[in-house]
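Student: I would like to take a close look at a single part of this model, and to see how it is connected to what surrounds it.

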Amino acid sequence: MSERSGISPEDSPPGPRRARRIKIALLLSAAVLAAADLVIKALAEALLSNGATVDLGLVNLKLLYNTGVAFSLGADLAPWLVIAATAAIILGMTWYAVSTAPAVPALSRAGAAMVLGGGGGNLVDRLDGKGVVDYLHSGWFPTFNLADAFVTIGVGLYILGTLLGSREQQKA
């Protein structure tokens, strides 16, 4: 910590080159997660399209299509409306995540990448009009997919990173 400024190098805002690298890393991470989700969905469709169910203990692999959003809400809406609303939300989240990425803790950036990757994977999957491919089935919880897990865990990481980052700033 510098005696003059009272600010440590970690607390100072990143320079323009570092900020740009952080933004690019966030977008690349989200793209990799979305791609992984889409590959696994394609595998699930290929392996389970005949109605097969694979018992894995706590969860089963079972193919379903969700034309709505979370928990099938809005399943009766026109597909174009669900796609447009989802795209608008993801674009807004992407703008916010990228513009704030250099200023938030790494844990929050990881959470943002997961939210964007999961949301992006589900959006791309939705574009064919069949709905989102869901394949993780427990019997006691709605059937979901890896993208849904990314979004849920990502929100938790973003909030945790923000809370922990706030504490660190208050201590400083």
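Student: Which residues does A30 touch, not counting residues up to four places away in sequence?

Tutor: This is a predicted model, in which local features need pLDDT of at least 70 and side-chain atom pairs count only at pLDDT 80 or more, while totals for chains, interfaces and linings use all residues. Residues are numbered from 1 along each chain as its sequence is written, and side-chain values use heavy atoms, with hydrogens and water left out.

Leaving aside residues up to four places away in sequence, A30 touches A113, L116 and G117, where contact means heavy atoms within 4.5 Å. A30 also belongs to the largest nonpolar core, whose nine residues are I22, L26, A30, A97, V98, A101, A112, A113 and L116. Such a core is a set of buried Ala, Val, Leu, Ile, Met, Phe, Trp, Tyr and Cys residues joined through side-chain atoms within 4.5 Å, and buried means under 20% relative accessible area, as against exposed at over 50% and partly exposed in between, with a 1.4 Å probe and protein chains only. Two or more residues of this core come from each of helix 1 (16-48), helix 2 (79-100) and helix 3 (106-126); helices here are DSSP runs of H or I with at least four residues, strands are runs of E with at least two, and both are numbered from the N terminus.

The axes of helix 1 and helix 3 are 7 Å apart and the two helices pack at an angle of about 45 degrees, the axes being lines fitted to C-alpha atoms over the stretch in contact, with angles from 0 to 180 degrees between N-to-C directions. That angle makes helix 1 oblique to helix 3, because angles under 35 degrees count as roughly parallel, over 145 as roughly antiparallel, 65 to 115 as roughly perpendicular and the rest as oblique.

Helix 1 also lies across strand 1, strand 2 and strand 3, running at about 75 degrees to strand 3. These three strands form an open sheet in the order 1-2-3 with antiparallel pairing, two strands being paired if DSSP finds at least two bridges between them. Six of the six residues of strand 3 (residues 132-137) are buried, so strand 3 is largely enclosed by the rest of the structure.
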